[in-house]
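Here is a short report for a reader meeting this structure. Take a look at the sequence and the model before reading on.

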Amino acid sequence: GRAIVQTTLLLCAGFLPFATSDYLTTYMMGTLLPFVLVMALVADLLLLPALATLGLFPVGDRIPAPPE
């Protein structure tokens, strides 16, 4: 949790200066990329544990053994 949050915040802070650009494509990258990173963080912290609880995402002992 903590490492993912810190990494996301640092990456967002690194890309936000691009949002001040006068070039449209660079401006879009500077605004959309931090938004996508935050949405991925929300999915990692909220959606993935919920899917694991429901059994839709195999974790730990639930991973099927490879066929022999």
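## Overall picture

This is a predicted model. Its secondary structure comes to two helices and zero strands. The protein has 68 residues, and 12% of them count as buried.

The accessible surface comes to about 5500 Å². Carbon and sulfur atoms account for 73% of that surface. Contacts along the chain can also be sorted by sequence distance. Among contacts between residues at least 6 apart in sequence, 34% join residues at least 24 apart.

## How the two helices meet

Helix α1 covers residues 2-15, and helix α2 covers residues 24-54. Their axes come within 9 Å. They cross at roughly 170°. An angle over 145 degrees counts as roughly antiparallel, and α1 and α2 are therefore roughly antiparallel to each other.

Which residues make the contact? On the α1 side they are I4, V5, T8, L11, C12 and F15. On the α2 side they are M29, G30, L33, P34, L37, V38, L41, D44 and L45. By type, the residues of this contact divide into 12 nonpolar, two polar and one charged.

## The aromatic pair

The structure holds one aromatic pair. The partners are F15 and F18, with ring centres 6.1 Å apart. Their planes lie at 35°, so the pair is tilted. Planes under 30 degrees apart would count as stacked, and planes over 60 as edge-to-face.

The cut-offs explain both labels: buried means under 20%, and exposed means over 50%. F15 also belongs to the α1 side of the helix contact.

## A closer look at L33

L33 is found in helix α2. It is one of the α2 residues in the contact with α1. Its relative accessible area is 28%, so L33 is partly exposed.

What does L33 touch, leaving aside its neighbours within four places in sequence? It is in contact with F15 and M28. L11 is 22 residues away from L33 along the chain. The C-alpha atoms of L33 and L11 are separated by 9.1 Å.

## A closer look at A13

A13 has its place in helix α1. It is partly exposed, with a relative accessible area of 48%. The cut-off for exposed is over 50%, so A13 keeps the label partly exposed.

How far apart in space are A13 and G30? From C-alpha to C-alpha, the distance is 9.7 Å. In sequence, A13 and G30 are 17 residues apart. G30 is one of the α2 residues in the helix contact.

Note on methods. Residues numbered from 1 in each chain as written. Predicted model: local features only at pLDDT ≥ 70, side-chain atom pairs only at ≥ 80, totals over all residues. Heavy atoms only, no water. Axes fitted to C-alpha atoms, helices over the stretch in contact; angles between N-to-C directions. Helix = DSSP H or I, 4+ residues; strand = E, 2+ residues; numbered from the N terminus. Parallel < 35°, antiparallel > 145°, perpendicular 65-115°, else oblique. Contact = heavy atoms within 4.5 Å. Nonpolar A, V, L, I, M, F, W, Y, C, P; charged D, E, K, R; others polar. Buried < 20%, exposed > 50% of the residue type's maximum accessible area, 1.4 Å probe, protein only. Areas by Shrake-Rupley, 256 points an atom, 1.4 Å probe, with all protein chains shown as cover. Phe/Tyr/Trp six-rings, centres within 6.5 Å; stacked < 30°, edge-to-face > 60°.
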